[in-house]
Amino acid sequence: MGKKIILLLTVGVLAAYYVYTPLPDNIEEPWKLTWMIAVSKTVAYLNLFSEFLGANRFVNIAALSKRQEVPPTSDENVTVTDTTFNNIPVRVYVPKRKSVALRRGLFFIHGGGWSSGSFALYPHDFLSRKTAERLDAVVVSASYRKAPKHLFPTQFEDVYNSLKWFLRQDILENYGVDPKRVGVSGSSSGGNLAAAVTQQLTEDPSVKIKLKTQALIYPILQILDMNTPSYRENSHFPTLRKSEVAKGWYDYFTTDRSLENAILLGQLVPAESSHLFKFVNWSSLLPEKFKKGHIYKKPIHGSSDVAKRFPGILDVRAAPLLADDARLRGLPRTYVVTCQYDVLRDDGIMYVTRLQDAGVEVTHNHVDDGYHGAFFLLDLKISHRIINHYIDWLKENL
Ligand SMILES: *[C@@H]1O[C@H](CO)[C@@H](O)[C@H](O)[C@H]1NC(C)=O
Ligand SMILES: *[C@@H]1O[C@H](CO)[C@@H](O)[C@H](O)[C@H]1NC(C)=O
């Protein structure tokens, strides 16, 4: 009997240790989040285990995320259709209610580290549906071919080509969209793609219709400095670790693992590209509040060889924060969400500073108790708080 109790206690302690994740004090619904992290940790372990048994990691992740995919189902308020724009799959949400005036149009780009995710995942479908309904907007949810099977700039080009299709006069007319009220938005690596295509459009004379807004939800915007205060403070935060970001980057650029070290050491910029450092200089671009206690270290140069082999690293289409001021000046009204407990926080804040300095109108929603991924954790109150703020901003500005 005694042995059984000891065994039970041991299992209990081990289970508690496995589930327990230390979280900052101001996190809302900490137990619910802890539980969700434990579940995703288990899925990750199972995944690793099957990889160890020989299955391909990416096939697995795709198979797992498939399980949460939902078909294009219309409801009483919104008609949902899967179609293609320029041969690239998209899911389109059109409000059912009659409208005399032209509608807003919103082009949404999902995240997933450029290597996973889909417009069909339940949280993405939910968001697009709610946005269409509450904004009375036509929402186009974009897709793109995934890394590492397809490397940069495929993702950028897929998104850009389908966005350009949507921005054609006849297509907008077809959907009853007002060409003066079209916006782009995206989260995480989708925020990266959103920022990149928005920049590209301002310099593309072949596109006559311009964007009214861009909304970037905790975007990833640069690879040159992965040692900003937010990286230092949150490198092990369980919803997005620094190591996962590094992996995301090298899967985006190459299947060659030698890039990983250069990324983690921050040795990517050859001497001849030194001028780029000022665009990611957190010492000058972050407000005091986010710098406190951190000492800025002069960046180190990498070899020209790395930059030559992986030119994407210094390409504004992969790292929109590297755009010069002239390119930023033409950008539309912008909304940026950053979260306190997110390695990507300072990417977003530096972009806010740079856009403001370039004269772009920016609304910055910094979420003090937020963390990466919170936007789509629909079981938690924080998700709806951020979504509501985002939709209210679009209502007023798009
Ligand atoms: C449709 O819109 C109404 C009014 O906004 C709302 O109460 C209802 O829940 C919506 N239906 C669905 C399926 O979301
Ligand atoms: C970064 O900004 C700080 C403070 O403005 C400045 O002293 C430093 O020289 C800058 N470094 C680079 C590489 O731009």
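In which helix does Leu 9 lie? Leu 9 lies in helix H1, which spans residues 2–19, where helices (H or I, at least four residues) and strands (E, at least two) are DSSP runs numbered from the N terminus. What I am showing you is a predicted model, in which local features need pLDDT of at least 70 and side-chain atom pairs count only at pLDDT 80 or more, while totals for chains, interfaces and linings use all residues. Residues are numbered from 1 along each chain as its sequence is written, chains are lettered from A and ligands numbered from 1 in the order in which they are written, and side-chain values use heavy atoms, with hydrogens and water left out.

Staying with Leu 9 for a moment, this residue is exposed, with a relative accessible area of 54%; buried means under 20% relative accessible area, exposed over 50%, and partly exposed in between, with a 1.4 Å probe and protein chains only. The C-alpha atoms of Leu 9 and Arg 257 are separated by 43 Å, and the two residues are 248 apart along the chain. By contrast, Ile 386, which is found in helix H16 (residues 381–397), is buried at a relative accessible area of 2%, and its C-alpha atom is separated by 8.7 Å from that of Asn 365, 21 residues apart along the chain.

Let me turn to the strands, where two strands pair if DSSP finds at least two bridges between them. Strand S1 (residues 78–85) and strand S2 (residues 88–95) pair in the antiparallel sense over 8 bridges, with Val 78 standing opposite Pro 95 in S2. These two strands form a hairpin with 2 residues between them, and Asn 86 in the turn has a positive phi of about 60 degrees.

Further along, strand S7 (residues 333–341) and S8 pair in the parallel sense over 7 bridges, and here Thr 338 stands opposite His 366 in S8. Strand S8, residues 362–371, is mostly covered, since 7 of its 10 residues are buried.

Now to the loops. The loop between strand S4 (137–141) and helix H5 (154–166) holds Pro 148 and also Pro 153. The peptide bond from Ala 147 to Pro 148 is cis, with omega near 0 degrees, and a cis peptide bond likewise joins Phe 152 and Pro 153, with omega about 5 degrees. In the loop between strand S3 (103–109) and helix H4 (122–135) we find Trp 114, a residue other than glycine whose phi is positive, near 65 degrees, and which counts as buried at 2% relative accessibility.

Finally, the ligands. An oxygen atom of ligand 1 is 2.4 Å from an N or O atom in the side chain of Asn 77, a nitrogen atom of the ligand is 3.1 Å from an N or O atom in the side chain of Glu 76, and a polar side-chain atom of Lys 130 lies 3.3 Å from an oxygen atom of ligand 1.

The residues around ligand 2 are Phe 277, Asn 281, Ser 283, Ser 284 and Tyr 296, and a polar side-chain atom of Asn 281 lies 2.3 Å from an oxygen atom of ligand 2.

Definitions and conventions: Polar contact = N/O pair within 3.5 Å; in protein donor to acceptor, adjacent residues only side chain to side chain. Near = heavy atom within 4 Å.
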